[in-house]
Amino acid sequence: MRYIDEFNDPELAGKLLDEIHATVTRPWALMEVCGGQTHSIIRHGIDQLLPERVELIHGPGCPVCVTPLEVIDRALAIAARPEVIFCSFGDMLRVPGTDRDLFRVRSEGGDVRVVYSPMDALDLARRHPDREVVFFGIGFETTAPANAMAVHQARRLGVGNFSLLVSHVRVPPAVEAIMTAPACRVQGFLAAGHVCSVMGTAEYPDLAERHRVPIVVTGFEPLDILEGIRRAVHQLERGEHRVENAYPRAVRDAGNPAALRMIEEVFEVTDRSWRGIGRIPDSGWRLTEAFRAHDAEHRFDVSGIRTEESAVCRSGEVLQGLIKPTECPAFGTTCTPRTPLGATMVSSEGACAAYHLYRRMDGTAPAATAPKEMNPVG
């Protein structure tokens with residue numbers, strides 16, 4: 001398949017690895033921002049094939065994982081209401097709230113439905129005018145245009161029983177928060193290509209300059225990630241700190257103008273809490289006043305919610321890149337995909353889920369050698 005098979009070529013991967021090995025002269029720590037990149041790295045054993053001096057730190061780039069507990073509990077309270085059809089992508093149904101998840105709400109009689117786009121939820125609202133239809137609008141910049149379009153269409157068509165429970169977050173402020181944290185060890189970033197395909201790269205040069213870190217926009221296939229690492233390492237060895245686009249087949253510096261216009265019309269920037277990290281200024285979006293009638297948080301009284309995180313789950317430290325999943329004592333024992341304590345074990349992009357799925361059950365790694373195939377741990 002075009003743009004898939006050729007980016008899994010083991011011979012080309014070996015050449016990129018050889019160049020990385022030949023370039024590195026000192027220890028470097030790079031953070032991949034996106035959870036999809038984390039899964040690709042762990043699935044293909046890329047971190048095990050790099051020089052020992054190159055460490056990959058897993059970042060908070062999983063929208064399911066960083067959705068704060070109070071928002072999850074708010075969603076559970078709304079979904080349990082008898083007049084509500086609560087719609088969500090499937091990966092949110094098992095994310096634990098304080099004492100239950102959306103699957104439990106559904107088993108207790110709540111009308112919780114999995115949809116494949118917010119427009120599916122809008123169609124449900126049109127077909128069920130006697131019900132309140134709420135779509136759980138989470139995600140990074142990648143999913144914002146579709147969610148914005150659904151709200152825009154709801155207002156245009158006069159669908160008054162459709163609303164969005166918004167928990168959108170923005171990547172650049174999170175990068176800023178990571179770099180200003182006292183325990184930060186990150187010296188370079190692999191930026192998420194799908195985010196930049198929407199937003200472009202305009203917000204990154206200032207971050208790279210102020211924090212003196214290279215930021216390389218990459219895709220998600222093995223060769224994409226290796227090329228991103230190669231470019232980042234070259235910059236670090238030369239003392240450079242620039243933004244590079246290593247994903248030009250999908251990313252333009254200006255992003256997607258039509259998507260940006262839709263986001264700007266429907267959303268406005270606001271502070272957001274990130275699960276495991278805390279409140280980050282200007283790191284999220286909320287609906288503008290013009291679309292407030294479609295804001296589920298305003299439509300439903302869900303105040304007074306008290307939250308309680310697991311006392312043993314260390315997913316917050318995993319999200320900040322402070323520890324690897326295997327350093328959490330609950331990992332693989334009391335916390336598994338069947339009995340998750342934190343969102344990082346539930347989400348299809350969570351770091352804990354990646355380590356468990358690909359049997360990375362301890363912190364050891366074999367000596368790095370050029371791969372004979374691109375799935376050495378599978």
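Two points on conventions. Residues are numbered from 1 along each chain as its sequence is written, and side-chain values use heavy atoms, with hydrogens and water left out. As the model is a prediction, local features need pLDDT of at least 70 and side-chain atom pairs count only at pLDDT 80 or more, while totals for chains, interfaces and linings use all residues.

I start with helix H13, residues 257–266. Helices here are DSSP runs of H or I with at least four residues, strands are runs of E with at least two, and both are numbered from the N terminus. Which residues of H13 are buried? They are Ala259, Met262, Ile263 and Val266. Buried means under 20% relative accessible area, exposed over 50%, and partly exposed in between, with a 1.4 Å probe and protein chains only. Viewed down the axis of H13, the buried residues fall within an arc of 100°, so they line one face of the helix; the arc is taken from the directions from the helix axis to the C-beta atoms. On the other side of H13, Arg261 and Glu264 are exposed.

The cover over those buried residues includes helices H8 (144–157) and H10 (193–199), and strands S10 (267–274) and S11 (278–287). Contact means heavy atoms within 4.5 Å.

At the N-terminal end, H13 is capped by asparagine 256, with a side-chain oxygen 3.2 Å from the backbone nitrogen of alanine 258.

Next, H8 and its partner H7, residues 118–127. Their axes come within 8 Å and cross at roughly 25°, the axes being lines fitted to C-alpha atoms over the stretch in contact, with angles from 0 to 180 degrees between N-to-C directions. That makes H7 roughly parallel to H8, a label for angles under 35 degrees. From H7, the contact involves Pro118, Met119, Leu122 and Arg126; from H8, the residues include Ala146, Met149, Gln153 and Leu157.

Finally, backbone angles. Where is arginine 212 found? It sits in the loop between helix H11 (204–211) and strand S8 (215–218). Aspartate 282, in strand S11, has a positive phi of about 55° although it is not a glycine. Aspartate 282 is partly exposed, at 42%.

Notes. Polar contact = N/O pair within 3.5 Å; in protein donor to acceptor, adjacent residues only side chain to side chain. Parallel < 35°, antiparallel > 145°, perpendicular 65-115°, else oblique.
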